[in-house]
Amino acid sequence: ISGRVGIGINAPAFPLHVGTNTTNGNGAHVTTDGMWTNGSSRSFKSNFRNLDPVSVLETLTRLPIQKWSYDGNPEQDHIGPTAEDFHEAFGLGHSNRYIGTVDADGVALAAIQGLHALLQQTRKELEERKRELDRLRLQNREMQQQNEALEERLARLEALLPVAHP
C-alpha cells in the first residue's frame with residue numbers, strides 16, 4: 001500500500017508497521033497521526049511476575065537523570081537516564097545501549113503505583129496519629145476538669161481552716 005512501510009510484514013496497516021507477533025515486532029507501529037504504539041496485548045505476553053512498586057520507585061530515585069544532547073546535535077537537549085544506568089538498575093531490555101519505550105513506561109507506571117502506595121500508607125499513619133492526638137486532647141480536657149474540681153474543693157477546704165497568724 002502506498003505510503004506505508006512494513007518491517008516483517010507484507011501488508012502494513014499503518015504508515016510504519018513492525019511485524020505481526022512477538023517474534024517479529026509484535027505489531028508496533030506509527031499511527032497516521034504520528035504516534036508510536038507498542039503492541040502490549042496480554043495475548044503477546046507470558047511469564048508474568050508480580051513486582052513491588054515501592055521497590056521500583058526506590059530504584060528509580062537512585063537512577064541518575066540528567067539533561068543531555070546527542071552527539072552531533074548539541075542544540076537539542078533531552079532529559080533522561082543513560083541506557084547503561086537504566087539497564088544496570090532494572091535489568092530490562094536486550095542491550096545496555098538502548099531503552100525500550102515500553103520498559104521506560106512500565107518503570108514510570110510502577111513508580112507511580114509505588115508513590116500511591118506510600119501516600120496511602122502515610123495517610124493511614126497520619127489518620128492514626130490524628131486519632132491518638134484527639135484521644136490525648138480529650139484526656140487533657142478531662143484532666144483539666146478534674147484539676148479545676150480539685151482546686152475548687154481545696155479552696156472550700158482552705159476557707160474552713162482558721163487563718164494562721166504570725
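Contact here means heavy atoms within 4.5 Å. The structure is a predicted model.

Threonine 59 sits in helix H1. Leaving out residues up to four places away in sequence, threonine 59 touches Ala89 and Phe90. Its relative accessible area is 16%, so threonine 59 counts as buried, the cut-off for that class being under 20%. The buried residues of H1 are Pro53, Val54, Val56, Leu57 and Thr59, and they pack against H2 and H3.

Two packed helices are described by the angle between their axes and the distance between the axes. For helix H1 (residues 53-62) and helix H3 (residues 101-160), the angle is about 110° and the axes are 7 Å apart. That angle makes H1 roughly perpendicular to H3, because angles of 65 to 115 degrees fall in that class. The crossing of H1 and H3 is left-handed. On the H1 side, the contact is made by Pro53, Val54, Val56, Leu57 and Leu60. On the H3 side, the residues are Val107, Ala110, Ala111, Gln113, Gly114, Leu115, Ala117 and Leu118. Sorted by class, this contact of H1 with H3 has 11 nonpolar residues, 2 polar residues and no charged residues.

**The nonpolar core**

Which residues make up the largest nonpolar core? The core has 6 residues in all: Val56, Leu63, Phe86, Phe90, Val107 and Ala110. Helix H2 (83-90) and H3 each supply at least two residues of this core. Val56 is also one of the buried residues of H1, and Val107 and Ala110 are among the H3 residues in the contact with H1.

Phenylalanine 86 belongs to this core. With its neighbours within four places in sequence left aside, phenylalanine 86 is in contact with Leu63, Pro81, Gly91, Leu92, Ile99, Asp103, Ala104 and Val107. Leu63 and Val107, both on that list, are members of the core as well.

Lysine 67 is found in strand E5 (residues 66-69). With a relative accessible area of 61%, lysine 67 is exposed. Not counting residues up to four places away in sequence, lysine 67 touches Asp77, His78 and Ile79. Along the chain, lysine 67 and aspartate 77 are 10 residues apart, and their C-alpha atoms are separated by 6.6 Å.

Glycine 6 has its place in strand E1 (residues 5-7). At 32% relative accessibility, glycine 6 counts as partly exposed. Beyond its neighbours within four places in sequence, glycine 6 is in contact with Pro12 and His17.

Arginine 156 lies in helix H3 and is exposed, with a relative accessible area of 53%.

| Pair | Apart in sequence | C-alpha to C-alpha |
|---|---|---|
| Lysine 67 and aspartate 77 | 10 residues | 6.6 Å |
| Glycine 6 and tyrosine 70 | 64 residues | 28 Å |
| Arginine 156 and tryptophan 68 | 88 residues | 81 Å |

**A loop residue with positive phi**

Most residues other than glycine have a negative phi, and most peptide bonds are trans. Asparagine 47 has a phi near 60°, a positive value in a residue other than glycine. Where does asparagine 47 lie? Asparagine 47 is in the loop between strand E4 (36-37) and H1. Is asparagine 47 buried or exposed? Its relative accessible area is 58%, so asparagine 47 is exposed, the cut-off for that class being over 50%.

Terms used
Residues are numbered from 1 along each chain as its sequence is written. This is a predicted model: local features need pLDDT of at least 70, side-chain atom pairs count only at pLDDT 80 or more; totals for chains, interfaces and linings use all residues. Side-chain values use heavy atoms; hydrogens and water are left out. Axes are lines fitted to C-alpha atoms, for helices over the stretch in contact, and angles run from 0 to 180 degrees between N-to-C directions. Helices (H or I, at least four residues) and strands (E, at least two) are DSSP runs, numbered from the N terminus. Angles under 35 degrees count as roughly parallel, over 145 as roughly antiparallel, 65 to 115 as roughly perpendicular and the rest as oblique. A crossing is left-handed if the near helix is turned anticlockwise from the far one by less than a right angle, and right-handed if clockwise. Ala, Val, Leu, Ile, Met, Phe, Trp, Tyr, Cys and Pro count as nonpolar, Asp, Glu, Lys and Arg as charged, and the others, Gly among them, as polar. A nonpolar core is a set of buried Ala, Val, Leu, Ile, Met, Phe, Trp, Tyr and Cys residues joined through side-chain atoms within 4.5 Å. Buried means under 20% relative accessible area, exposed over 50%, partly exposed in between (1.4 Å probe, protein chains only).
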